[in-house]
Amino acid sequence: MYLINTSFHAERSVADAIIEEVRTGLMPKMQASTLFSQLLMAEILVEVDPDCKSFTLQGLTPDLDKAMEWLHSDGAACFAELHRRYGQKVVFFTTPMQVITQ
């Protein structure tokens, strides 16, 4: 089993709007793909920058290759839209991980 984790760092002025877009846009698309289960969004409590709010979106997947392919194709449209709307006010990166225990 694999965990796909995308970390977001957003300026506080737009963070709540970005969280809502991820919740209503990216998360439903991930669910609809049937590649991801147990989707979870969480706020990162370690302060990276006082002017930013950080959060993650995580999902489990049994097929790392298909999940990463989906993120680079269908998911990329969601990420591109965030960049189009918010520019440098949001940065994000995706980290695939192998689950050791569950």
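**Figure 1. Helices H1 and H3 packed against each other in the predicted model.** Helix H1, which covers residues 12-32, packs with H3 at an angle of about 160°, and their axes lie 10 Å apart. With angles over 145 degrees counted in this way, H1 and H3 are therefore roughly antiparallel to each other. Their crossing is right-handed. On the side of H1 the contact is made by Val-14, Ala-17, Ile-18, Glu-21, Val-22, Leu-26 and Lys-29, and on the side of H3 by Gly-75, Cys-78, Phe-79, Leu-82, Arg-85 and Tyr-86. Sorted by class, the residues of this contact comprise nine nonpolar, one polar and three charged.

**Figure 2. The open sheet of four strands.** The strands follow the order S2-S3-S1-S4, and their pairing is antiparallel. Strand S2 (37-43) and strand S4 (90-98) stand at the edges, where each has a single partner strand, so one side of each is left without a neighbour in the sheet. From one strand to the next, the twist averages 15°.

**Figure 3. The pairing of S1 with S4, and helix H3 on the sheet.** Strand S1, made of residues 2-11, runs antiparallel to S4, and nine bridges join the two. Within this pairing, Ala-10 has Val-90 of S4 as its bridge partner. Helix H3, which spans residues 74-86, packs on the sheet and touches S1 and S4, and its direction makes about 160° with that of S4.

**Figure 4. Helix H2 across three strands.** Helix H2, formed by residues 64-72, lies across S1, strand S3 (52-61) and S4, and runs at about 25° to S1.

**Figure 5. The contact of helices H2 and H3.** These helices pack at an angle of about 40°, with their axes 3 Å apart. H2 and H3 are therefore oblique to each other. Trp-70, Leu-71 and His-72 of H2 make the contact with Asp-74, Gly-75, Ala-76 and Phe-79 of H3. The residues of the contact between H2 and H3 divide by class into four nonpolar, two polar and one charged.

**Figure 6. The rings of Phe-8 and Phe-79, one of the aromatic pairs.** Five aromatic pairs are found in the structure. In the pair of Phe-8 and Phe-79, the ring centres are 6.5 Å apart and the planes stand at 40°, so the pair is tilted. Phe-8 belongs to strand S1 and Phe-79 to helix H3, and the pair thus links distant parts of the chain, 71 residues apart.

How values were computed. Residues are numbered from 1 along each chain as its sequence is written. This is a predicted model: local features need pLDDT of at least 70, side-chain atom pairs count only at pLDDT 80 or more; totals for chains, interfaces and linings use all residues. Side-chain values use heavy atoms; hydrogens and water are left out. Two strands pair if DSSP finds at least two bridges between them. Axes are lines fitted to C-alpha atoms, for helices over the stretch in contact, and angles run from 0 to 180 degrees between N-to-C directions. Contact means heavy atoms within 4.5 Å. Angles under 35 degrees count as roughly parallel, over 145 as roughly antiparallel, 65 to 115 as roughly perpendicular and the rest as oblique. A crossing is left-handed if the near helix is turned anticlockwise from the far one by less than a right angle, and right-handed if clockwise. Ala, Val, Leu, Ile, Met, Phe, Trp, Tyr, Cys and Pro count as nonpolar, Asp, Glu, Lys and Arg as charged, and the others, Gly among them, as polar. Rings of Phe, Tyr and Trp (its six-membered ring) pair if their centres lie within 6.5 Å; planes under 30 degrees apart count as stacked, over 60 as edge-to-face and the rest as tilted.
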